[in-house]
Amino acid sequence: ARLVLNGNMITNYGKDLSGLTALCDVLPTLKNPISLELADCNLKVAEVNELARAMAAGAAIARLVLNGNMITNKGKDLSGLTALCDVLPTLKNPISLELANCNLKVAEVNELARAMAAGGALTSVVLDGNELSGTKIEHKGQSYEKIEQLDADLSGFTEFCASLKSSTVVSLSLRKCYLGPQALDLLADAIKLMGAVAHVGLGSNPIGDKAMIPLLDTLKDIPL
């Protein structure tokens with residue numbers, strides 16, 4: 001089953017969660033796993049808490065798409081993401097998780113790493129457009145955007161890469177995450193031990209020539 005609600009303001013910009021709550025109440029009663037697509041729905045902390053509640057109650061979500069939602073209120077409140085990550089290791093079935101362009105940074109990727117290390121069975125992880133390695137950027141998104149410092153805080157990404165080594169991840173997408181050479185070295189080391197990985201997306205990252213050669217050597221058998 002697949003439910004696509006991308007681009008709909010299903011909570012009226014956070015003013016009325018009754019519809020989402022009703023949906024989350026129904027999800028645990030479904031017999032078959034569902035693909036739930038909620039990209040660009042202006043979902044924030046309370047909304048992710050509702051989804052986590054449904055999953056904790058037994059909702060079998062095979063694919064959860066939350067791309068483009070500020071699910072941590074731009075880093076001010078991680079409680080919803082934490083609740084989601086807490087439930088991941090308890091799921092009976094593996095899940096594909098898409099969190100592209102959610103303004104996730106170091107602390108947030110640390111939460112995801114914690115869930116994966118605790119046994120969260122993720123088959124696919126999409127984190128495109130999130131600044132996972134703490135790269136400092138001036139005028140982000142503008143034509144005159146300037147990178148001040150690559151990989152300024154690797155603490156979260158280091159934990160994420162460590163969790164990948166024993167993960168069930170088949171597909172990993174980290175496009176335009178402003179990953180520099182140090183971050184890519186960590187990722188390359190992790191990929192060597194990822195038994196299930198078949199696809200890695202790394203486009204639009206400032207990798208640099210020096211890091212490219214060992215990275216390509218690691219990825220030579222993986223379709224990019």
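Me: Let's start with one residue. Which residues does E50 touch, not counting residues up to four places away in sequence?

Reply: This is a predicted model, by the way. In it, E50 touches L17, L20, T21 and C24 once you set aside residues up to four places away in sequence. E50 itself sits in helix α2, which covers residues 45-56.

Me: Is E50 buried or exposed?

Reply: Go by the cut-off: buried means under 20% relative accessible area. E50 has a relative accessible area of 17%, so it counts as buried.

Me: Now the whole chain. How many helices and strands does the protein have?

Reply: Seven helices and nine strands. The radius of gyration is 17 Å, close to the 17 Å that the globule rule gives for 224 residues, so the protein is as compact as a globular protein of that length. The C-alpha trace spans about 50 × 40 × 25 Å along its principal axes. As for burial, 46% of the 224 residues are buried.

Me: What share of the contacts between residues at least 6 apart in sequence join residues at least 24 apart?

Reply: That share is 80%.

Me: How do I read a pair of packed helices?

Reply: Two packed helices are described by the angle between their axes and the distance between the axes. Here, take α5 (residues 155-164) and α6 (residues 181-191): their axes come within 8 Å and cross at roughly 15 degrees. Angles under 35 degrees count as roughly parallel, and α5 and α6 are therefore roughly parallel to each other. Their crossing is right-handed.

Me: Which residues make the contact between α5 and α6?

Reply: From α5 you get F157, T158, C161 and L164, and from α6 A183, L186, L187 and A190. Sort the residues of this contact by type and you find seven nonpolar, one polar and no charged.

Me: What about backbone angles?

Reply: Most residues other than glycine have a negative phi.

Me: Where do D40 and Y178 lie?

Reply: Both are in loops. D40 is in the one between β2 (34-37) and α2, while Y178 is in the one between β8 (171-173) and α6.

Me: And what are the relative accessible areas of D40 and Y178?

Reply: D40 has 46%, which makes it partly exposed. Y178 has 6%, so it is buried.

Terms used
Residues are numbered from 1 along each chain as its sequence is written. This is a predicted model: local features need pLDDT of at least 70, side-chain atom pairs count only at pLDDT 80 or more; totals for chains, interfaces and linings use all residues. Side-chain values use heavy atoms; hydrogens and water are left out. Axes are lines fitted to C-alpha atoms, for helices over the stretch in contact, and angles run from 0 to 180 degrees between N-to-C directions. Helices (H or I, at least four residues) and strands (E, at least two) are DSSP runs, numbered from the N terminus. Angles under 35 degrees count as roughly parallel, over 145 as roughly antiparallel, 65 to 115 as roughly perpendicular and the rest as oblique. A crossing is left-handed if the near helix is turned anticlockwise from the far one by less than a right angle, and right-handed if clockwise. Contact means heavy atoms within 4.5 Å. Ala, Val, Leu, Ile, Met, Phe, Trp, Tyr, Cys and Pro count as nonpolar, Asp, Glu, Lys and Arg as charged, and the others, Gly among them, as polar. The radius of gyration is taken over C-alpha atoms; the globule rule is 2.2 Å times the number of residues to the power 0.38. Buried means under 20% relative accessible area, exposed over 50%, partly exposed in between (1.4 Å probe, protein chains only).
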